[in-house]
Amino acid sequence: MTNQDFLFGADQDFPLHAETTHTSPPAEPWLVLIVDDDESIHQITNLVLKGFQFEGRPLQLLHAYSAKAALLVLEQHQHIAVAIVDVVMESNHAGLDLVKTIRSDLKNHQIRLILRTGQPGEAPEEHVIRDYDINDYKNKTEVTAIKLKTLLYSALRAYRDICIIENNKKGLERVIASTVSFLECDSLQEFASIILGQAASLLGLEHSQIFCCAATGDPRQQQLSLDIIAASGHATGPGFQLPEDVEAKLAQVHQLKRSYHGDDYFVGYFTTNRGLENFLYVSKDSKFDQIDHHLLSYFASNIAVAYENVRLRELIKESQRELSYILGEAVEKRSKETGSHVKRVANFSHLLAVKYGLSGYDAEKIKLASPLHDVGKIAIPDYILNKPGKHDADEWAIMRTHAEVGHQILQKSQNEILQYGAVIAHEHHERWDGMGYPRGLKGEEIHIAGRITALADVFDALASERCYKPAWPMPKVVQYMHEQKGAQFDPVLTDILLSHLDEFLAIRDAFPDDESQL
């Protein structure tokens with residue numbers, strides 16, 4: 001029997017037709033590798049499979065005439081779906097050795113491997129099927145045209161399903177990774193930014209290829225009222241408006257109370273334990289497949305839970321900030337100073353910390369703790385604390401104790417903000433040249449939080465009016481800062497303040513003193 005006979009032999013079963021699928025724009029072809037040392041096999045395979053399609057995608061046949069050549073092709077093409085391999089080529093077991101290399105060395109377990117041989121006695125079928133990770137084994141004499149197509153349909157379905165499972169696995173890994181990213185967020189702004197990046201990553205797209213927004217709402221309201229926490233390519237501050245078609249789809253999901261999707265968009269809907277509605281809208285310029293919908297559904301669910309946790313942390317942080325301000329303001333009012341002083345010091349300190357290069361987390365801790373810098377003044381008698389004139393030696397000795405007292409008040413707490421507060425209270429009167437109090441620390445012996453708050457505190461005190469002194473004009477404040485650089489203050493921090501003076505003045509203007517308190 002010739003090659004033409006077995007490739008074109010009549011089958012006894014009914015004719016097999018290609019699966020009918022929707023016709024779409026030119027699709028990526030399935031890669032099929034033919035490995036055989038017989039040129040006629042390649043020619044006939046090309047002829048038989050001409051026009052073959054599976055799920056709307058054509059075949060692209062790749063040809064190799066030896067096992068060695070096949071390895072080169074496999075290195076050049078990463079997504080070969082099927083390889084039809086002759087057993088006997090440059091050696092009697094070249095095809096079997098190739099299978100071993102593909103599975104063991106290349107670690108390629110997705111490609112479907114079909115062995116065929118014209119010399120079955122060289123590799124007994126039972127031995128090959130038992131000992132090699134192949135998907136089918138055929139004698140060339142039994143591979144008719146229709147059976148070759150049947151083999152391909154079966155192999156391509158298996159390859160497709162393996163790819164779906166692998167893509168699902170990778171997608172779920174990305175969902176899990178995104179969950180970790182969400183848990184590490186320190187603010188809603190950071191959370192919103194991560195949503196957009198992770199949504200793009202989840203779909204394997206560049207950020208610019210998708211439109212994505214995340215929103216929250218109140219299920220008790222009949223009319224949709226959204227708090228937009230993220231939108232790709234847009235700032236989501238006050239006055240931000242979603243495109244009308246997007247808002248209409250969110251309103252539809254708000255009424256349905258369930259997720260919904262079309263060909264090229266997905267709207268996820270989930271509620272948190274506290275009853276808050278969460279929406280995730282994602283669209284792209286091509287169709288979503290079922291995997292995309294499943295992954296986005298899981299992703300949206302994670303967003304709902306993560307949003308609630310991040311929001312709760314924001315509320316806790318805001319409560320800490322308010323308590324720090326309240327306690328700091330109480331002390332300042334007792335010493336005839338305004339509550340705005342502690343807010344300015346907090347924001348000056350945060351800006352200094354960021355410009356100095358501290359992490360956002362450490363900068364935020366300094367911001368929350370710096371209002372407590374003078375908490376020890378609570379132990380200073382009023383006649384000393386509010387004396388308009390210069391203190392005598394005894395009074396000054398008492399006044400200086402507020403640094404140690406503040407440290408003692410705060411140091412026993414396990415809260416890291418209060419622990420930072422204890423350090424700041426203790427060290428914000430230390431000087432870079434070692435002439436400060438209470439311990440005479442010098443240079444970098446002083447904690448960075450203490451050095452930052454010391455500069456912020458003095459800068460604001462000099463530039464602000466008090467009941468016992470007028471505000472210094474800014475040129476005089478700047479001159480003092482230059483004079484005390486490297487003496488009273490950390491020289492690096494002083495340079496930062498002076499080189500970004502406009503930003504510090506903007507903070508001062510944002511928190512003006514209440515004149516009735518002066």
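This is a predicted model: local features need pLDDT of at least 70, side-chain atom pairs count only at pLDDT 80 or more; totals for chains, interfaces and linings use all residues.
1. **The cavity lining.** Glu427, Glu430, Arg431, Trp432, Ile446, Gly450, Arg451, Ala454, Leu455, Gln488, Phe489 and Asp490 line the largest cavity. By type, the lining divides into five nonpolar, two polar and five charged residues. Which helix gives the largest share of this lining? Helix 16, residues 448–463, does, with four residues.

2. The volume of the largest cavity is about 60 Å³. A search of the whole structure turns up one cavity of 30 Å³ or more. As background, a probe the size of a water molecule is rolled over the atoms to show where empty space is left.

3. **A cis peptide bond.** Look at the loop between helix 15 (416–427) and helix 16; Pro438 is found there. The peptide bond that joins Tyr437 and Pro438 is cis, with omega about 10°. Most peptide bonds are trans.

4. Six of them form an open sheet, in the order 2-3-1-4-5-6, and the pairing is mixed. Which strands sit at the edges? Strand 2 (53–54) and strand 6 (136–139) do, since each pairs on one side only.

5. **A parallel pair.** Strand 1 (residues 30–35) runs parallel to strand 3 (residues 57–64), and six bridges join the two. Within this pairing, Leu31 stands opposite Gln60 of strand 3. When you trace a strand, remember that in a regular one the side chains alternate between the two faces of the sheet.

6. **An antiparallel pair and its hairpin.** Strand 2 pairs with strand 3 in the antiparallel sense, over two bridges. Phe54 has Arg57, in strand 3, as its bridge partner. The hairpin of these strands has two residues between them. Glu55 lies in that loop between strand 2 and strand 3. Is the phi of Glu55 positive or negative? The phi is positive, about 55°, although Glu55 is not a glycine. Most residues other than glycine have a negative phi.

7. Helix 4 (residues 94–105) lies across strand 1, strand 4 (80–86) and strand 5. Against strand 5, helix 4 runs at about 170°.

8. **Salt bridges.** How many salt bridges does a search of the whole structure find? The search finds 15. One of them links Lys140 with Asp36; the closest N and O atoms are 2.9 Å apart. Lys140 lies in the loop between strand 6 and helix 6 (145–183), and Asp36 in the loop between strand 1 and helix 2, so the pair ties together parts that are 104 residues apart in sequence.

Technical notes
Residues are numbered from 1 along each chain as its sequence is written. Side-chain values use heavy atoms; hydrogens and water are left out. On a 1 Å grid over the protein atoms alone, a cavity is a set of points where a 1.4 Å probe fits but cannot get out, and a pocket is an open set with protein on both sides within 12 Å along at least five of seven lines; lining residues have an atom within 4 Å of a point. Grid points are joined across faces, edges and corners, and a volume is the space filled by probe spheres set on the points. Ala, Val, Leu, Ile, Met, Phe, Trp, Tyr, Cys and Pro count as nonpolar, Asp, Glu, Lys and Arg as charged, and the others, Gly among them, as polar. Two strands pair if DSSP finds at least two bridges between them. Contact means heavy atoms within 4.5 Å. Axes are lines fitted to C-alpha atoms, for helices over the stretch in contact, and angles run from 0 to 180 degrees between N-to-C directions. A salt bridge is a side-chain nitrogen of Lys or Arg within 4 Å of a carboxyl oxygen of Asp or Glu.
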